[in-house]
Structure formats: structure tokens, C-alpha cells
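I opened my notebook to get to know a new structure. Have a look at it with me first.

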Amino acid sequence: ILILEAWEAAGLDVDKSVHGDLVEKYAKSLFKDGSYCQALKQYLSLPYDHDEDSKLVFTLFHNTELIPENYTHPKQDDSQDDQEIKPANLGKSIRDFLLPYVFEKNLLQKSAELDTFILKALVLESIYNSREAIVDKARYSEFIERKKEFLRGENLCVVEECEKLLLTYPELWEDLLWLYYGKKLHIRALEWLSKLCENDRDVIPVGERLSPSRSPYMAKTIEYLRKLGKEFTDTVLKYSRIVLENCSPRDAITVFIDPPTGVEPLDAKIVLQFLEKYDEEVVTLLAETSTESTSAEDDTTLAILFLQNQIMCHEEQSASVHNKLAILLLRLYNRLVSTGSDQSAEVRQQLFQFLRYSNYYSANELAPYLKPTELYEEYAVILTKIGRHRDALEIYTKTLNSHRRAQEYCEMVHTEKPDVFIMLLETYLNDKPPNIDQSIVLLQKYHSKISSQEALTMLPNDTSFSKIHDYISNVLTHQESHRRQNKILLQLLRKQHLKTAAQKKHLERKYVVLTRETICANPNCGRRFQKDGAFARLPNGEVMHYACYEKN
């Protein structure tokens, strides 16, 4: 080979076929001796086409477990010695020769037999690497990434052949999963994951959840379902029950929210209907078995979690969605109260905060749901949204008998409804008998926000002066203080006015007299000024046509 290359370098004619045959025989010899890297170098120097490349890898590995069972070895004219060539170390030959050769020659996705062969090589390479004491981590991680891309892509592998090999090695369960994913065999993948999760379920103590952190199979099931997207909605909903029945609600809801980049999200209405139906099944089952939730985290519903995500993360502003969340929170609260759960107070707080701060639900539609309940504060918030402030104040003062909350309510809406304190005063005075004492307390505390003339007119005529003495004193003190502040402000405004007038007189001293002989200071103009023409005075006293000034 060296002699032929030297002749070629010297300009002599060399038979290319002779040189190629010699290189091929030399490469086979190196491969047989276990010098896989050197053999690779020789084979890569040959100008084979893809068909010949495929024949080569099948020839060198024809008597190994990489060859598909139904593959017929091609007839060759080589000697018997060539037919007996086989790798002395299969793992090393795959790592140092086969995979680099496949990637260099780009033999992927050429045929079903070849892709099956390559996948088996990638699998066995992973097995051999995992069993070796010293591993080239950089090179190994590169092969892992190549394998993931190959499995998840549109490869031509024969599934049955690869499945048989992957099931032989339990540690490669994830590779089999992504083979199914690449082949769009989603039902087969999820059925298999279901069996793996069931095995984990058997070792978890009774009453405990199979969380993704405790079960890699459950975590992978969630990941797999999230990757399917809207196209496979029915499949996602059917097999999501694996997750719903074994995980906590907050883990299970991740199947339906925030899909990975590039995945089309599921239809929100379909998901909500499915989750509502499932929640009803759970409630019915709990009622029939007379059991309670195993943890505080379970005292919520998947539909509520889904809607909360839609509102907070996706800024959903639809009134129907906000109404639905309020109704579901109310139903959950009623159920928790009926079962005596400690979580009812927390759910009620969620409902109150939502009603108070959301601006997108329809208060008129929610009012009939809250009116017959004992959720008086929540009903008062609804009345506020409708604008029925008097009814809301009556709830605080008469039903709840909380004057503090009534006053806090007035402070909250005073900006939008300035006469709300007068409404509260009327509420006190309309009681039978009138609540004079609480009215006086209100007047004394908020005398600056209530018209004293209206307040004194509203008080009963038989109100003794001794009761309102402090209030009147506070009002007079406040008015006197306000008068003094206005007086100070008036003096400051007068001072500012004088200062501005002085500046005006100073500026008016600077003037210019235009005559018929006055010409424009712009050297490119030099024209005289018209009688009514606009002009500009420069800081140096010269004058210019205003048009010339703007141009400059």
C-alpha cells in the first residue's frame, strides 16, 4: 500500500482497484486482530457508496447478536478466511469501529434492517460501558445523546427485534419507552409504563402516594403524557388515570398544565370536563366507603387546581372560568364542612380572597349561590361588586355584629363611594332603637370623612349635647386646623404670585424696536421685516425672521 501511494505521489499510473483491494484486505486484517481504530481509519479512506457501506458492517458483524434474525448474509467471493472474520471484543468493536463508522458514513434511516442493527449496537454499547470500570465520559455522553435522538426520531427500526433486545436488559427500560415514542406506539408505551408503576405500587406502604420523586416510572409516565399534546387528547385522558389514581392532586395536575415547548396544549374545556367528572367519582367513592382523605393536600380537586393555573399562569379573563372556580371552591368548602375537615377554613380563605380580588367574575350570577349559605363575608363581597353597599353594611353590623369590619369595609370602598360612611351612620340610626353610642363612636373616629352638617341633621333631636361634645370639639379643631393650613397656603401662593410678577417685569425690559431700515440678522437673508411679520429676538439683541430662525 505504501509503495502504491509513493508511486501515485511520483506521478505514476496506479490501478485504483488494486489499491482499494489491498486497503480492504489490510483493514480486515486489522479488524480481526482487534485494532479497531486503525481498521476504521483504513475503511474510511475507501470511497464506498451507501450500499457497500451497509454490506461491510453486516459482513464484519454477521455472526453476532446485532444481525436481525431474518437477515440473509450476502454471497461474497472472498476466501473462507474472510468469512470467519468476527470481532474479538464486541463491546470495544462497537465503540471504536462500528458507531464511529456509522455516524461518519451517515448510515442512519437507510433501511429497516440497518436501523435495527444500529439500534442494537447503541444498546449493547451502553451495556458494555456500564460494566466497565473506566469509561470515557465525554465520548459516552455523546453516544447517549446520539441514541436519544435516534430513538425519538423517525427511525426505521423493526420494533419487535429491538423490543426483544431491550427487554433483556431491565436497566434500558427508558430506551424502550422512547423507541415506542419515536414509532408513535403510545398506547403500547403507556400500557408498559402502567405495569411498571403497578410494580412500584406494590412496594409502597398502604395509604401513601406514589409520588414522582419516589417512582421513576411514575415520573416518566407524567413526562410521556405531557409530550403527547392535543393530537392525542383521548390517549392522554385515558391513561392519565394511572397518575390521578396514584399521585397527589398537585403532582397529577402537571399532566394537563404547562406543556413542554413545541407541544400543542390540550383543549382547556375538554380537560376541565374530564377533571370535574373524575372529581365527582372520587367524592362518590369516598362517600360510599365512608373514608376520609389521607392528607391535607388531598383536600382539593383537580378541576380547582387546573382553573387556578389557567387564571394565574395564563391570565384567563373569561367570566365563565372565574365563575366556575368560585362555584367549585364553594362546593369543596361545603363538602369539607360536612365531613368535619380542618381544611375547610383554608378553602374558605381561598374563596374569600378570590372573590375580593378577582375583577372578572359575574357577581350577579354568583349571588344566588352564596345568599342561602352562612358565608356572610363572602356574600358581602358579592354585594359590594354589585353596588349594594347598604346590604353589605347590614351584614357586617346586624348579622355578624362586627362594627370593626363594617368600618374596614367603609375604608376600603370610600374612594369609590365617598358617602359610604353616611350609609353606615344611617344603618346605626335606623336600628330599633337607634344605636346612638356606636354612631357617636363612628363620628368621632371618622369626623374628617363625614359631613358634620349631614351627621348632626341625622342624629335624633333628643340626643344630649354631652354625648356629641367630643365629636363637635374634634370637628371644630379639624376645621380650625384646616383653616390655618389654607391661610398658610394662601400666603405661599401670594408670595409665588409676587415673585412671578417681578420676573415678568424683568423680562419685559428686554425689547427691540423694528423700523423700516431693520434687516434680518441671517446672513443668507438680509431682507427687511414686514409690518405684521413674525420675528425672533436673539440673546445678543439682533432680530431674525421667525422662518429664518427655525431653519437655523
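My entries below go from aromatic pairs to a surface patch.

**Ground rules.** I am reading a predicted model, where local features need pLDDT of at least 70, side-chain atom pairs count only at pLDDT 80 or more, and totals for chains, interfaces and linings use all residues. Residues are numbered from 1 along each chain as its sequence is written, and side-chain values use heavy atoms, leaving out hydrogens and water.

**Aromatic pairs.** I found 14 aromatic pairs in the structure. Rings of Phe, Tyr and Trp (its six-membered ring) pair if their centres lie within 6.5 Å; planes under 30 degrees apart count as stacked, over 60 as edge-to-face and the rest as tilted.

I looked up Tyr181 and Tyr224: their ring centres are 5.4 Å apart and their planes stand at 85°, so this pair is edge-to-face. Tyr181 sits in helix α10 (residues 173-182) and Tyr224 in helix α12 (residues 216-228), 43 residues apart. Helices here are DSSP runs (H or I, at least four residues), numbered from the N terminus.

Buried means under 20%, exposed over 50%, and partly exposed in between (1.4 Å probe, protein chains only).

Next I checked Tyr396 and Tyr409, whose ring centres are 5.6 Å apart with planes at 40°, so I noted the pair as tilted. Both Tyr396 and Tyr409 are buried.

**Cluster.** I also noted one aromatic cluster, formed by Phe31, Tyr36, Tyr43, Phe97 and Tyr101.

**Loop.** Last, I found Leu12 in the loop between α1 (2-9) and α2 (16-33); Leu12 is partly exposed, at 49%.

Methods: Helix = DSSP H or I, 4+ residues; strand = E, 2+ residues; numbered from the N terminus.
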